[in-house]
Amino acid sequence: MTLPQELSAEQRAREDDLVQRVLRSFDDCEKPRLDQVLRSLVRHLHAFLREVRLTEAEWKTGIDFLTEAGHVTDDKRQEFVLLSDVLGVSMQTIAMNNEVYGDATEATVFGPFFVDGSPRIDNGGDIAFGAQGQPCWVEGTVTDSEGKPVPGARIDVWEADHDGLYDVQYDDDRVAARAHLLTDEDGGYRFWAITPTPYPIPHDGPVGRLLAAAGRSPMRASHLHFMVTAPGTRRLVTHIFVRGDELLGTDAVFGVKESLVKDFVQQPAGTLPPDGRPVDHDWARVRFDIVLAPAASPTGTPASAAPSSRSAATWTSRSEPRTSTS
């Protein structure tokens, strides 16, 4: 922490004394982890306040911001998770809880639009269920960290449609652009989807105003969600991104990783797809080979817990209209 040189020794001593008094207030805490977290929070929070020399007016602005975020948040929208996402806190937490393990596929943000109970399709099936967009053939294999195929791995996939909307953002009960399937005996998988398109995160609330004030875009780079689970392996939550998307470097939630950027190869109309399905217009294809880490690393890091509801981080609901970028 760097404090202004012009501060008097007495002023520094007063500020230091306050920090120590707050820290001592936790001396009777009987929960070691809580004690550790609270003490670290106090140290870092006070260091931030002292470094930027926060004014009382700025403090009030911050309190008002958090209060509004609380008012906006309900069972259909989680503004605090959105704030966590745009500050990179969500991705940092994911990075820490999905330690590097050999060539295991990298994880990224879960996103707000996962839904339990998606329809099952067979290998080669179509997850679109009427969602509009360019057809896209997706294929790959799932292996463990030793390169062995993982048969029967469950792959949940979901994405936005051509207009940048997920099915749950519409006012009806459609189920579209989402499904799950199982890998075959060789660990292979394949399905039809739609080529991903970019879309904005909700920016009609305090987090959106924060982004605007900071000169940041609310747009997410084009992506297709995957969640892969199999016995004995660490649950993988990830995306694949479209190479060439101009938003790769400015993804609003910092979810892009180079290893997850893939070639969505364009195919002209009349090109025969791998499954022989007749396609009378252009389509795309992409390959995504997935490597799963063991359920626990050699250091004992546990596998991430699977979500228990439609979403662990809801931003918007079925009934909320899409927020425009205009």
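**Strands β8 and β9.** I began with strand β8, residues 236–242, in this predicted model. Two bridges join β8 to β9, and the two strands run parallel. I looked up one partner by name: Val242 is bridged to Lys262 in β9.

**The rest of the sheet.** Five strands make it up, in the order β3-β2-β7-β8-β9. The sheet is open and its pairing is mixed. Which strands are at the edges? I find β3 and β9 (261–262) there, each pairing on one side only.

**Aromatic pairs.** I then searched the whole structure for aromatic pairs and got 11. One of them is Phe113 with Tyr166, a stacked pair with 4.3 Å centre to centre and 25 degrees between the planes. Phe113 belongs to the loop between α5 (89–97) and β1 (135–144), while Tyr166 belongs to the loop between β2 (154–158) and β3 (178–182), so this pair ties together parts 53 residues apart in sequence.

I moved on to Phe114 and Trp158. Their ring centres are 5.1 Å apart and their planes stand at 65 degrees; edge-to-face needs over 60 degrees, so I logged the pair as edge-to-face. This pair also links distant parts of the chain, with Phe114 in the loop between α5 and β1 and Trp158 in strand β2, 44 residues apart. I checked burial here too, where the cut-off is under 20% relative accessibility. Phe114 has 4%, so Phe114 counts as buried. Trp158 has 1%, so Trp158 counts as buried as well.

**A cluster.** I also noted one aromatic cluster, formed by Tyr189, Phe191, Phe226 and Phe288.

**Charges over rings.** Which ring does the charged end of Arg174 sit over? The answer is Tyr170, with the charged end 3.7 Å from the ring centre.

**Confidence.** Mean pLDDT for the protein chain is 91, and 90% of its residues reach 70 or more. Residues 317–326 are another, with 34 contacts beyond four places in sequence.

Terms used. Residues are numbered from 1 along each chain as its sequence is written. This is a predicted model: local features need pLDDT of at least 70, side-chain atom pairs count only at pLDDT 80 or more; totals for chains, interfaces and linings use all residues. Side-chain values use heavy atoms; hydrogens and water are left out. Rings of Phe, Tyr and Trp (its six-membered ring) pair if their centres lie within 6.5 Å; planes under 30 degrees apart count as stacked, over 60 as edge-to-face and the rest as tilted. Helices (H or I, at least four residues) and strands (E, at least two) are DSSP runs, numbered from the N terminus. Buried means under 20% relative accessible area, exposed over 50%, partly exposed in between (1.4 Å probe, protein chains only). A charge sits over a ring if NZ of Lys or CZ of Arg is within 6 Å of the ring centre and within 35 degrees of the ring normal. Two strands pair if DSSP finds at least two bridges between them. pLDDT is the predictor's confidence in each residue, from 0 to 100. Contact means heavy atoms within 4.5 Å.
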